[in-house]
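The stops below are given in the order in which to select them.

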Amino acid sequence: MAQTDVEQESTANATWSRMLQGNRRFAEGKPDHPWQDKETRQTLLDGQNPDAAVLACSDSRVPPEIIFDEGLGDLFTVRTAGQLIDSAVIASLEYAVKKLHVSLICVLGHEHCGAIEAATQELDDLMRTITSEADGSLEAADAMDDLDEHIADAESIILRQAGMSVWQAREAELKEHEDIERVHVAHTIETLVEQSPVIQQALAADKLMIVGARYQLDTGKVEVLSF
């Protein structure tokens, strides 16, 4: 690995470590609220140089800057319900990687995610529709074998993305909400990498690190996920 690649990896690890330290302060009720003063605001007038990008849920209880105890200019944050990915999300994160040169992307899920609950309902509705339209048990079984295709072709983006995560979790015999939320973070990372050549290239060149995490509403702690 080239020296610059080692430095980039070191920067990403240092950034992630700092974010987790900030979360620890937040969870303990002792945040520093760094870099939120007038002087910092003035230094950012001519541009930004964030260390990390965060793809998080839009849930009002999960603001990344607060739960990681970060300041102005520290995080480039993209938020959608359930961390769902569309072309705007891809373009935003590619901008962070290509133009702002962030070394880290954190995909942040959370406890009691409403998008996951909605996706579960939509998936159950789809399964009932498929089986009710089938003529006999054999046809119903064949239709269920193609369930992933039905999910992928659904009009609802919640069903296509979060619903696929729910289905993957069920296929792995994971039924607890927290397990489904972890699977969804993994599926979101997979989707992000698949759909973005810019992110693929940055990962291949060791210029970028992607981490998955899940925020716990009750404790305020961020759980680091490994896949």
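Select E181 first: this residue is buried, at 6% relative accessible area (buried means under 20%, exposed over 50%, partly exposed in between, with a 1.4 Å probe and protein chains only). The model is predicted, so local features need pLDDT of at least 70 and side-chain atom pairs count only at pLDDT 80 or more, while totals for chains, interfaces and linings use all residues. Residues are numbered from 1 along each chain as its sequence is written, and side-chain values use heavy atoms, with hydrogens and water left out.

E181 sits in helix 9, residues 177–195 (helices are DSSP runs of H or I, at least four residues, and strands are runs of E, at least two, numbered from the N terminus). Now show its contacts, meaning heavy atoms within 4.5 Å. Leaving out residues up to four places away in sequence, E181 touches H110, E111, H112, C113, I116 and R214.

Next, turn to salt bridges: a side-chain nitrogen of Lys or Arg within 4 Å of a carboxyl oxygen of Asp or Glu. The count is 11.

Select R25, which is partly exposed at 23%. Its side chain meets D32 at 3.2 Å, N to O, and D69 at 2.8 Å. R25 belongs to helix 1 (residues 3–27) and D69 to the loop between helix 3 (64–67) and strand 2 (75–80), so this pair ties together parts 44 residues apart in sequence. D69 is buried, at 3%.

Move to R128 and D125, whose closest N and O atoms are 2.3 Å apart in a salt bridge. Both lie in helix 5 (residues 114–133), about one helical turn from each other because they are 3 residues apart. R128 is partly exposed at 47%, as is D125 at 32%.

Finally, select D179, E181, R182, R214 and E223, which salt bridges with shared partners join into one network.
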